[in-house]
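Here is a short report on one protein model. Look over the sequence and the structure first, then read on for the charged pairs, a helix end and the nonpolar cores.

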Amino acid sequence: MKCKNKVKKIVVGLFLCMAFIVLGSIADSSLVRVQASSVVLSKSSESMICGTSAQIKTPYGYSNPQFSSSNKKVATVTSKGVVKAVRLGVVKITASSGSKKFTCTITVKPEKKSDVRLNYQAVFENQKVQLKLASDKYDTSQVNLKFESAYSQISKTGKCKGIRGIGWGSVDYLYGTFKKSTLLAVYSKNEIFRSMFGDEWVPDKYSFEIDAGVNYPIRIESMITDKPEKPSVIRKEGISILLDGKNMPDTMNLTPGKHTVTIAAGDCKYTESFTVSYSMKETFKRRDSTGWDAEYKEVIDAAFKAVDSVIKDGMTDEEKVKAIHDYLIYNADYVNDGDYQTAEKWAFGASGVLLHHEGVCGSYALAFYMMAEIAGVECDYVFGFVTTAPDVNHAWNRVKINGRWYYLDCTWDDPTGGGEERYLYYLSEQGWGDHIIISHMRLSARDKYEWTWYLTGD
């Protein structure tokens, strides 16, 4: 009987020893995640994922410890030592028991590094900014970043004094035990505008390189990828581009008239305006001169008005050609009674015949070309010379009627000094022996810059 009692005491003793060993091992842990597998955080510096909770376990010997948080906006702690990470940042959780204190410095981190970024991922040259942590998922208001950067203009606290020169450089930013590396791009506003609209782009001016109604893929040279990228990609780098107040599309199609483009990095914005028109071919087709500078628009509108005055519904192409031919002869004369050498510049463009009612041969041919195209008659501007003056250039026209091409010369059908119309140089399939052709030119296909001369002679 005594033997049985002795065995029972030994078994009970062993059980109690094992229980104390298990409890003691738990007591030595510093921090254990709640509602998850135990995570021991026994060091003075630890980390937690924002939004999670954990249990502080004081070292052995702490009796009824009191818990406190150095920043309740980052993490709270209950009287039982349950820690909840509520915002990104660094916090100290302290357990006190009499004269004893245990402090665990906790870095509250994002679940993924990709969940956070700098508030500026791109800046303009010489732009002064304060770099901070930003996130679409987490509250970053309690984070104080430190910086290590290839840019000498960025201080350890993230104050950027303005970087000269475009390109990119590495930036490391950290708080507590969290660290991330990124690239900071530096852009030139002028280079962005030129990337989108061409090297000849000038703000607040008419754009010769952009036609209204045409699709233009918009690409900007990225400082990060070192290649042309869509505006949507540049936007992710931190540069916002707006067209008329809305995000710049990856493919732009403009209406004729004035437009504005704004580029912005953070609160730094640059807005420029420019004006576009249809190509000359579309201007003729649509009868819309919107967007052309005033001096060019005046000539185009004069051609529209002239066509409307002589072209009637139901006319055949041959009737249209005769009406235009006769209009020019009755409404214009050769400049200075034939002395082209003393003529003003406008006399060499369509403005001479259409606005001033006098001009050289080129003015006649240009005015006829414009009116024919507007009236829907296929036409060429013919360049060459005549045998009576081989050292002087001459211009006339060719039109297509019923599928056949015919030449006509309004200048030589208009007697110098005025008079009735003639038809000596009118609708010849072969041309004339005294007219030597150098080239046939379909001017509507020429760019708008060339048309500034065709319209005004300047």
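## Exposure and overall make-up

A residue counts as buried under 20% relative accessible area, as exposed over 50%, and as partly exposed in between. On that scale glutamate 282, at 22% relative accessibility, is partly exposed.

The model is predicted. It holds 10 helices and 31 strands. Of the 458 residues, 45% are buried. The accessible surface is about 24100 Å². Carbon and sulfur atoms supply 50% of that surface. Among contacts with a separation of 6 or more, 55% join residues 24 or more positions apart.

## Salt bridges inside helices

Side chains of opposite charge can pair when their charged atoms come close. The protein has 17 salt bridges.

One of them joins glutamate 282 to arginine 286, with the closest N and O atoms 2.9 Å apart. How far apart are the two residues in helix 4? Helix 4 spans residues 280-286, and the pair sits 4 residues apart there, which means a separation of about one helical turn. Arginine 286 is partly exposed, at 45% relative accessible area.

Helix 2 holds another pair. Glutamate 191 and arginine 194 form a salt bridge, and their closest N and O atoms are 3.4 Å apart. They are 3 residues apart in helix 2 (residues 189-197), so about one helical turn separates them. Glutamate 191 is partly exposed, at 38% relative accessibility. Arginine 194 is also partly exposed, at 31%.

## A buried pair between strands

Are arginine 398 and aspartate 380 buried or exposed? Both are buried. Arginine 398 forms a salt bridge with aspartate 380, and the closest N and O atoms are 2.7 Å apart. Arginine 398 lies in strand 29 (residues 389-401), while aspartate 380 lies in strand 28 (residues 379-386), so the bridge ties together parts that are 18 residues apart in sequence.

The pair belongs to a network of salt bridges. Glu378 and Arg442 are linked into that network along with Asp380 and Arg398.

## Helix 10 and its ends

Which residue caps the N-terminal end of helix 10? Aspartate 447 does. One of its side-chain oxygens lies 3.1 Å from the backbone nitrogen of tyrosine 449. After helix 10 comes glycine 457, with a positive phi near 75 degrees.

Helix 10 covers residues 448-456. Its buried residues are Lys448, Trp451, Thr452, Tyr454, Leu455 and Thr456. Leaving out residues up to four places away in sequence, tryptophan 451 touches Met280, Phe284, Trp292, Tyr369, Met370, Leu443, Ser444 and Arg446.

In soluble globular proteins, nonpolar side chains tend to be buried together. The largest nonpolar core here has 55 residues. Phe368, Val399 and Trp451 have the most contacts inside it. Which helix gives the most to this core? Helix 8 (residues 361-375) does, with 12 residues.

Another core lies apart from the largest one. This other core has 40 residues, among them Val91, Val116, Val143 and Ile154.

How values were computed: Residues are numbered from 1 along each chain as its sequence is written. This is a predicted model: local features need pLDDT of at least 70, side-chain atom pairs count only at pLDDT 80 or more; totals for chains, interfaces and linings use all residues. Side-chain values use heavy atoms; hydrogens and water are left out. Buried means under 20% relative accessible area, exposed over 50%, partly exposed in between (1.4 Å probe, protein chains only). Contact means heavy atoms within 4.5 Å. Accessible areas come from the Shrake-Rupley method with a 1.4 Å probe; for residues, only the protein chains shown count as cover. A salt bridge is a side-chain nitrogen of Lys or Arg within 4 Å of a carboxyl oxygen of Asp or Glu. A polar contact is a pair of N or O atoms within 3.5 Å; within protein, one must be able to donate a hydrogen and the other to accept it, and residues adjacent in sequence count only if both atoms are side-chain atoms. A nonpolar core is a set of buried Ala, Val, Leu, Ile, Met, Phe, Trp, Tyr and Cys residues joined through side-chain atoms within 4.5 Å.
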